[in-house]
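We will go from one stop to the next.

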Amino acid sequence: MAAIDRKEMIVMGAAAALVGAAGGAHFMHAGPIVSFFACALALAGVAHVIGEATDQVGNHLSPSVTGLVQSAVGSLPELFVCIFSLQAGLVTVVQASLIGSILANVLLVLGLAFVVGGWKHGVLHFESQTPRMIASLLLLAVSALVLPTLANELHLPAASHEQDLAVVCAVVLLIVFAILTKAMLDQGQRAVPKEAHARAHAWPLWTATGVLVVCAAGSVLVSDWFVEALEPAIDAAGISQTFAGLVVVAIAGNAIENVVGIRLAAAGKSDLAVSVVLASALQVAVVVVPILVLVSYGIGGAAFTLVIPPILAAAMFLSVMVVTVVTVDGQSDMVDGAALIGLYVIIATIFWWG
């Protein structure tokens, strides 16, 4: 059983240094912009180490169980940021960052992956069953956002019970996720192929688990600092809360996953690239969102419901439909990628002014 090698030690040291820099910027009151970017970099560093440690835990577990561990810990930084933001009353930022995380993955990152992969390899071919399954679940998640929003806009009787409706939708999404999990365990499969976790050497299980525990604690600290700097940074930069959540926070929270998906496409591993990118969006839609709905009632601060601005609901629905059309035939090229990126730019521009 191999120990942590020199390169991995350097990466973890760099992540620890970023956390230290974020803490220094926070406690020394270095200014909202400096603190915001220091914390964003620290979150990306912690997320990278969490991903590496999760993969190493997978060397000691079956592929299906590894997928469950990924779902449980992979979104910890993003989840903590949203929880602290809700406590601070930044509901708009939370809604926008979650939707932005989904849009950034299914449009921007997948589009860049298709452009880069298509540039190097021409038409990309990938197994279509997994993208089709993920797209159907994403449509369910989008429906859980669009329908409560429509009920509110049309002043239906359900509009006066939006919190109860949000809880029902959250429970339904978690039940569907549980069924998906059972199917994965029964079939010994998961959305991301196990080759994604192949390593030249494996850490001892206690080492990987210890790193995960330390990173989880670091996520709590850095997320708290990040949220404290968020609102002053938004005011100082003169951008809207919606744009900050939809673009800045969403991309910062998924920086490492974004790079991984694009790099896999560049290497010609189109099956794996599409699965990694879409699975990341699915994890936010059917795990993080419903958990926040349920948790928000117990932490104080603002309640998190699924009633969102209609334009965000429309953007979500159109984006998932376009991705479904692009991926359903199991092949894509640079033109498809450019179309996805173009749609993302249009959506982001709409929210630049709020």
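What follows is a walk from the whole chain to its helices, some single residues and a cavity.

**Before you start**

This is a predicted model, in which local features need pLDDT of at least 70 and side-chain atom pairs count only at pLDDT 80 or more, while totals for chains, interfaces and linings use all residues. Residues are numbered from 1 along each chain as its sequence is written, and side-chain values use heavy atoms, with hydrogens and water left out.

**The whole chain**

Start with a cartoon view: the protein chain has 13 helices and two strands. Of the 354 residues in the chain, 52% are buried. Here buried means under 20% relative accessible area, exposed over 50%, and partly exposed in between, with a 1.4 Å probe and protein chains only.

**Helix α5**

Select residues 91-121, which form helix α5. Its 31 residues reach 43 Å from first C-alpha to last, close to the 45 Å expected at 1.5 Å a residue. That expected span is 1.5 Å times one less than the number of residues. Now centre on A104, where α5 has a kink of about 40 degrees. The bend at a residue is the angle between axes fitted to the seven residues ending there and the seven starting there. Because 24 of its 31 residues are buried, α5 is largely enclosed by the rest of the structure. Step just past the helix to G122, which takes a positive phi of about 80 degrees.

Go back into α5 and pick L110. Is L110 buried or exposed? L110 counts as buried, because its relative accessibility is 1%. Show its surroundings: leaving out residues up to four places away in sequence, L110 touches N105, V274, V277, L278, V323, T327 and L340. L340 is 230 residues from L110 in sequence, yet their C-alpha atoms are 7.6 Å apart.

**The second largest cavity**

Rolling a probe the size of a water molecule over the atoms shows where empty space is left. Over the whole structure, a search finds three cavities of 30 Å³ or more. A cavity is a set of points, on a 1 Å grid over the protein atoms alone, where a 1.4 Å probe fits but cannot get out; lining residues have an atom within 4 Å of a point. Points are joined across faces, edges and corners, and a volume is the space filled by probe spheres set on them.

Select Q95, L98, I99, I102, L145, V289, F304 and I308 to outline the second largest cavity, whose volume is about 50 Å³. Which helix gives the largest share of its lining? Helix α5 does, with four residues. By class, the lining has seven nonpolar, one polar and no charged residues. Ala, Val, Leu, Ile, Met, Phe, Trp, Tyr, Cys and Pro count as nonpolar, Asp, Glu, Lys and Arg as charged, and the others, Gly among them, as polar.

**V320 in helix α12**

From I102, move to V320: the two are 218 residues apart in sequence and 9.3 Å apart in space, C-alpha to C-alpha. V320 sits in helix α12, residues 310-327, and is buried because its relative accessibility is 2%. Setting aside neighbours within four places in sequence, V320 is in contact with A135, L138, L139 and V142.

**Helix α8**

Next, select residues 205-237 for helix α8, whose 33 residues reach 44 Å between the first and last C-alpha, close to the 48 Å expected. Look at L230, where α8 bends by about 35 degrees; a proline, P232, follows within four residues. Just after α8 comes G238, with a positive phi of about 70 degrees.

**Two histidines in loops**

Most residues other than glycine have a negative phi. Select H29, in the loop between α1 (6-27) and α2 (32-58): its phi is positive, near 55 degrees. Then select H155, in the loop between α6 (129-153) and α7 (162-187), whose phi is also positive and near 55 degrees. H29 is exposed, with a relative accessible area of 70%, and H155 is exposed at 68%.

How values were computed
On a 1 Å grid over the protein atoms alone, a cavity is a set of points where a 1.4 Å probe fits but cannot get out, and a pocket is an open set with protein on both sides within 12 Å along at least five of seven lines; lining residues have an atom within 4 Å of a point. Contact means heavy atoms within 4.5 Å.
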